[in-house]
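Subject: Structure for your attention

Dear colleague,

Please find below the structure I am passing on to you. My findings follow directly after it, beginning with a question to consider while you look at the model.

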Amino acid sequence: QVQLVESGGGLVQAGGSLRLSCAASGRTFSSAVMGWFRQAPGKEREFVAAIRISSYYADSMKGRFTISRDNAKSTVYLQMNSLKPEDTAIYYCAAQLRSSIWSEAGKYDYWGQGTQVTVSS
């Protein structure tokens, strides 16, 4: 069993930065693929980035978002720079243990409760 708790969301002006954190419990963290997804009102959940040893990004996030992890702290981070109003969404942390497909929400076994990110123009 893995429990995930996100933090770091908030209100920021366009062009600003935020760093999201996701603290995980459970002994399997170091071997899990950790992902970030987001969901804006009225839209489907969207893949943002994922990491195990290497990282993988949605094309629209490359260059602005950076995913990283600290296995000693069982925490995964999402550094978001040059934020835009269209980045406004609830951001979710997720973990998967078995699939090799990182960009599909349905492949993830565990989810956090989400953290709201609002970017004002």
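Which residues does Asp109 touch, not counting residues up to four places away in sequence? On that count, Asp109 touches Ala95, Gln96, Leu97 and Arg98. Please bear in mind throughout that this is a predicted model.

Asp109 lies in the loop between β9 and β10, the latter covering residues 110-111. With a relative accessible area of 35%, Asp109 is partly exposed. Glu44 is 65 residues from Asp109 along the chain, and the C-alpha atoms of these two are separated by 18 Å.

Overall architecture

The chain has 11 strands and 0 helices. Its radius of gyration is 13 Å, close to the 14 Å that the globule rule gives for 121 residues, so the chain is as compact as a globular protein of that length.

Of the 121 residues, 45% count as buried. Among contacts with a separation of 6 or more, 57% come from residues 24 or more positions apart. The chain exposes about 6300 Å², and carbon and sulfur atoms supply 46% of that area. As for charge, the chain carries 13 positive and 9 negative charges, whose mean positions are 6 Å apart.

The nonpolar core

The largest nonpolar core has 38 residues. Those with the most contacts inside this core are Leu4, Met34, Trp36, Leu78, Met80 and Tyr91. The elements that give two or more residues to the core are β3 (18-25), β4 (33-39), β5 (46-51), β7 (65-70), β8 (75-80), β9 (89-96) and β11 (115-120).

What surrounds Tyr91, leaving out residues up to four places away in sequence? Tyr91 touches Glu6, Leu20, Trp36, Phe37, Arg38, Val48, Phe65, Leu78, Met80, Gly114, Thr115 and Val117.

Loop residues

Most residues other than glycine have a negative phi. Ser74 is not a glycine, yet has a positive phi of about 50 degrees. Ser74 lies in the loop between β7 and β8, and is buried, with a relative accessible area of 18%. Ser82 likewise has a positive phi of about 50 degrees without being a glycine. The loop between β8 and β9 holds Ser82, which is partly exposed at a relative accessible area of 42%.

Is Thr28 buried or partly exposed? Thr28 is partly exposed, with a relative accessible area of 31%, and lies in the loop between β3 and β4. Leaving aside neighbours within four places in sequence, Thr28 is in contact with Val2 and Leu97. Thr28 and Gln96 are 68 residues apart in sequence, while their C-alpha atoms are 9.8 Å apart in space. Leu97 and Gln96 are also among the residues that Asp109 touches.

Yours sincerely,
A colleague

Notes:
Residues are numbered from 1 along each chain as its sequence is written. This is a predicted model: local features need pLDDT of at least 70, side-chain atom pairs count only at pLDDT 80 or more; totals for chains, interfaces and linings use all residues. Side-chain values use heavy atoms; hydrogens and water are left out. Helices (H or I, at least four residues) and strands (E, at least two) are DSSP runs, numbered from the N terminus. The radius of gyration is taken over C-alpha atoms; the globule rule is 2.2 Å times the number of residues to the power 0.38. Buried means under 20% relative accessible area, exposed over 50%, partly exposed in between (1.4 Å probe, protein chains only). Contact means heavy atoms within 4.5 Å. Accessible areas come from the Shrake-Rupley method with a 1.4 Å probe; for residues, only the protein chains shown count as cover. Lys and Arg count as positive and Asp and Glu as negative; His and the chain ends are not counted. The place of a charge is taken as NZ of Lys, CZ of Arg, CG of Asp or CD of Glu. A nonpolar core is a set of buried Ala, Val, Leu, Ile, Met, Phe, Trp, Tyr and Cys residues joined through side-chain atoms within 4.5 Å.
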